[in-house]
Amino acid sequence: MMKYQPLHPDRLFSAELSIRSAAREIYQGIKDLPIISPHGHTDPDWYASNKPFDNAASFLVTPDHYVFRMLYSQGISLESMGIPAARKDVTVESDPRKIWKLFAENFHLFRSTPSRLWMNHALTEVLGVDEPLNGESADRIFDHIEKQLASEAFLPRNLFRRFNIEVLSTTEFAVDTLDAHKKIQEEWDGRIVTTFRPDDVTNPEHPKFREHMQIMAEQTDEDVASWDHYLEAIRKRRRFFKSMGATATDHGFPTAFTTLLPAGQCQTLLTRALEGTITPEEAELFRGHMLVENGRMSREDGLVMQIHVGCSRDHNQTVYSRFGADKGCDIPTPVNFVDGFKALLNEVGNDPDVTIIAFSMDETTYTREIAPLAGHYPALKVGPAWWFHDSPEGMMRYRRQVVETAGFYNTVGFNDDTRAFLSIPARHDVARRVDSNFLAHQVCEHLLTIDEAHEVARDLTYNLPKKAYRL
Amino acid sequence: MMKYQPLHPDRLFSAELSIRSAAREIYQGIKDLPIISPHGHTDPDWYASNKPFDNAASFLVTPDHYVFRMLYSQGISLESMGIPAARKDVTVESDPRKIWKLFAENFHLFRSTPSRLWMNHALTEVLGVDEPLNGESADRIFDHIEKQLASEAFLPRNLFRRFNIEVLSTTEFAVDTLDAHKKIQEEWDGRIVTTFRPDDVTNPEHPKFREHMQIMAEQTDEDVASWDHYLEAIRKRRRFFKSMGATATDHGFPTAFTTLLPAGQCQTLLTRALEGTITPEEAELFRGHMLVENGRMSREDGLVMQIHVGCSRDHNQTVYSRFGADKGCDIPTPVNFVDGFKALLNEVGNDPDVTIIAFSMDETTYTREIAPLAGHYPALKVGPAWWFHDSPEGMMRYRRQVVETAGFYNTVGFNDDTRAFLSIPARHDVARRVDSNFLAHQVCEHLLTIDEAHEVARDLTYNLPKKAYRL
Amino acid sequence: MMKYQPLHPDRLFSAELSIRSAAREIYQGIKDLPIISPHGHTDPDWYASNKPFDNAASFLVTPDHYVFRMLYSQGISLESMGIPAARKDVTVESDPRKIWKLFAENFHLFRSTPSRLWMNHALTEVLGVDEPLNGESADRIFDHIEKQLASEAFLPRNLFRRFNIEVLSTTEFAVDTLDAHKKIQEEWDGRIVTTFRPDDVTNPEHPKFREHMQIMAEQTDEDVASWDHYLEAIRKRRRFFKSMGATATDHGFPTAFTTLLPAGQCQTLLTRALEGTITPEEAELFRGHMLVENGRMSREDGLVMQIHVGCSRDHNQTVYSRFGADKGCDIPTPVNFVDGFKALLNEVGNDPDVTIIAFSMDETTYTREIAPLAGHYPALKVGPAWWFHDSPEGMMRYRRQVVETAGFYNTVGFNDDTRAFLSIPARHDVARRVDSNFLAHQVCEHLLTIDEAHEVARDLTYNLPKKAYRL
């Protein structure tokens, strides 16, 4: 009888034998390199408290929006998957075993998706499951995972070591007190760094804007209603994050619009934002200007600036009102970096000491905008294939469309960008395989030598993310 | 001497032998499945009257806009191809033999286009032609086809059986009396169903809008000038179509815009539409609202809702004025589903009992919009690669760009969408081959097992279209 | 020891052996065909004066914006690369050996870019360099090139012969006196033709608009402030260019917008343009109308009309103010040909005697707009993959996305479009290889016979550009 093998050793490599052989060789040279995870969304409390994870459902299903969005798209309610509700009148399933079984019964929906690759990797490589996941095996696998999670080896810090993570970034809002990071630093030598994400105090339409502005005022002892003091407050928070290990900021706005406004207009917009009378058009101006201000601050303090734009958040109002944000109903939108980034790049883009990493879910911008811009402006680098494009085809499109114009050295390696801890090694493995396969094509079509391919592979996996993020 | 073989048994399969071998095996499992044709534009009178088709030119050239647009693009006049004129002062070629010869002499223009694949399939597999089509062979082939078409075997109903069509949809406007469908049902057990396409009464800019509104008023005994009664009239027509076998509606509008307007505004727009005083902006509002109304009606009556948007119709005003609509001068336009579909999806998109199938000729929407939306909203499914993208490369791009985010099970298999009867088996065969080849890649890169690939192939070919269209 | 071989004989061919074998065979049939270069930007003075080129840096680095933009993106200043400054207060490196060394030290940045392919081709095939370029070899290679450039064989006219160029186009503004072309025609039989590029007198925002209008008035003895005489002046310049061998015009505007305005409005816009009071919106109208006027003139005089749109010129204001135009800071923008070209195509697009060749850097338009439009309008042809997309992946995307809808015969072969003389044979070689590889795929997937592939390859390489450009 054939061994159950959901993860073939040659998965994701071309079927053409010379390419496969080169891909294997290149992959061999990078597969054991430490993981550099410069951008992600795991919970720092996991590493701070180092408590066991709960169960298969709350560990693998309910926190993973890739997983529950697919089930939801096939008519399975979020309630039945135990997704925590935002409203008290919404009752959700509380039995993790039932939730797990529901997922298992529908695992075939994930055929040919990256989620299946990640899940199979987590189940077999990390959790030691030795049979396929389906309705019939669901209970046994649930029990198996329960046992595993209760073991010492599965405590967050031990998994972190086992995953060979050299450094991992989390992402926190501007007013976060970073207590978890403090505890980690005091107790443990695993390198977890925070990232400064000030959307809560730079986007007047952020639901917590006014509340967090108030907190920031107290934290910094600055009158945030006054434009200069508001900027100073942000500078102080950046310094605090930097003192706690942050090397980067992150900015998640609806569009790529940036602009440079006169100080008087900035004060007016700030006043309206704090009053709650700012219009959508004014909020866009405010955000656009604040990207340039943060660019200037990056020039001062050396924090790397990440920009994630082009997402229509909470497209599904029913789901948002019942379950809140990040429930799989964020949809990419068309982005214009050429006009949008003009003010920002003209302000700080010519400075080689500034690093701006731009992420795009609008793949049309790869060849039209992002690669040409990053292939010119010293400050701009292209972030890896993001979100829905963090997938084998997505990453291959990215390489094929970005490298010819921007080269490898205006890219920054891989980001796992995940909330799902167990998917970290899986995602890095997929990225390493796809890069190896891409480079193998280049070698076999005589565009790179095998020695160059090895060097580029190590750069993409390890050197470029460390350098770009100053880690 | 080598046999003339325009259709190699391995056509469209990868040259890489392990993939080709897997593709052959997968294809073998689906090639003889019955054809499900849930969306198309063949003429129901063919099956109702069951008269012989005329000749090679009127059967294969003049009705096929893919064919005559290519000849026209190379400077060959529509007049010389015998395309029926819309104006009396335009004289067109009436000798089918001459038209056929003109086509044959220029058949090399179709190299590497899907039209050539379809035509060669029709000529060799269906019509039994055993030599290549060119100027020299044109007359002989014309005669051969003439003989074939006159034979019993080539009567429409017999071809329908021979093509192994289990069910085929036609498309009719809202006021169609469906006499042909009635005759078919009374006389024959071939399953031909209609599709309700109410653009003539929901798009105020449709050339027959006012005329058809008058007819609909009479057909339904409703005062269509009154908003509520207008909606009721549409409901009645939907019921009539459903009673005649329709399982779906279809909506072909310029943009993806949807909106929900107050009833008072709806009445005002309706009044202006009937007066002929509605502005283009108001017509867009009217159409956008009517998509939501039809979505609501689909929730009531269970008809599947198809939406085809993003086409600039009759771009060439000279051709339009001389020859009328559908003359190859319809050009795709950029589409925004994310903003456009928001009202519709927020109204009915969370209902798993509603099915909305969206088609896009703007391929940039595959990864950016359509796959993410369909991978979330229970009601939304992704229609197959449409029109210009119903081609080997187009279908492969579709699979590579849609599946990772939406999975296979938010897609609905293949539509032939054709006016050219003989191209039906050819088009389904191309789709089956491309899917087999795509799945073979997945198998050989170890992302699917061969057993899964077989199952997915059968789903894409047979189960998914039947389920999605409720056939 | 292995011979240094940066250019493998099978480079750019698929690793799959049957495709590689077919690609080799197809390439063999076209590799020695003469070069037709119907659009480019080399300096006609080179061929007129036939003086030796200076040195490696001024020949290969400073004129090539692909090269210095990549170095600039990695923090290397334009000053240190000796890029000529536009302002007197900017001092730039003047030692060509230092510039060359800087380039050589950073040559790894170009891995997997087309620039590396072109440079390696120029170094090894043309200049006879027999070792890899890097910091260590830089000086030796500099000396070697210096010797070569001083030799008789490297005089421009001799290189032109050696490159087997049958005809080469340069591009000149409307008021150019074409003295260099006159000298070439008097002295030499190498076929160099000019192209009429009237942006300087049709784009009111062109920096030299008013100056060149004044010159044109004198050249043509027409009162260019009067609309009819302005058009007549342009007609006269077209006639002059045509008399000097031009077969084509070229139009480089920001957008694809075209329109047809009443004569009164044209006069008003012209007056404002000459006064310098025209607004950006009015300038867009003026340009849009002038594209249609030039289309009409093409119908009269038979000059082929090229249109290059969709580029945000001089995006980087710092670089522009210090170094002027064409310094690598031109970035593609989204383009809409469907709406944009409507006026132009409705005016002259149905005339098979008119040829309009459209170029796009917005690849999303390939399948959505350009291929469908060119597959319908007799006058419209698709220009080859342009600028950033003149690359192996870019050209392959172009073929895969254009051919199925437009066929091969609505395309026009390859343009090298270069300012870098030595890259001409390299670029044509890359194009021939990519086309051979594309056709080999078609042969091995049984979509074309090998005989057809040979014929199409010769058409793409030689017959189509000659025919489309009337050369």
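Biologist: Is C:Trp387 buried or exposed, and what relative accessible area decides it?

Modeller: This is a predicted model, in which local features need pLDDT of at least 70 and side-chain atom pairs count only at pLDDT 80 or more, while totals for chains, interfaces and linings use all residues. Residues are numbered from 1 along each chain as its sequence is written, chains are lettered from A and ligands numbered from 1 in the order in which they are written, and side-chain values use heavy atoms, without hydrogens and water. C:Trp387 has a relative accessible area of 11%; buried means under 20%, exposed over 50% and partly exposed in between, with a 1.4 Å probe and protein chains only. C:Trp387 is therefore buried. C:Phe388, at 6%, also counts as buried.

Biologist: How many aromatic pairs does the rule count over all chains, and what makes C:Trp387 and C:Phe388 a stacked pair?

Modeller: Rings of Phe, Tyr and Trp (its six-membered ring) pair if their centres lie within 6.5 Å; planes under 30 degrees apart count as stacked, over 60 as edge-to-face and the rest as tilted. The count is 81 aromatic pairs over all chains. For C:Trp387 and C:Phe388 the centres are 5.5 Å apart and the planes lie at 15°, so the pair is stacked.

Biologist: Why is A:Arg427 said to sit over the ring of A:Trp118?

Modeller: The term requires NZ of Lys or CZ of Arg within 6 Å of the ring centre and within 35 degrees of the ring normal. The charged end of A:Arg427 sits over that ring of A:Trp118, 3.8 Å from its centre. In chain B, the charged end of B:Arg427 sits over the ring of B:Trp118, at 3.8 Å from the centre.

Biologist: Why do the copies meet through different surfaces?

Modeller: Only 4% of the interface residues of chain C are also interface residues in chain A, so the surfaces differ. Contact (heavy atoms within 4.5 Å) joins 47 residues of chain C to 41 residues of chain A.

Biologist: Why is A:Glu455 said to form a salt bridge with C:Arg111?

Modeller: The closest N and O atoms are 3.4 Å apart, and the rule asks for a side-chain nitrogen of Lys or Arg within 4 Å of a carboxyl oxygen of Asp or Glu. Across the interface of chain C and chain A, 5 salt bridges are found.
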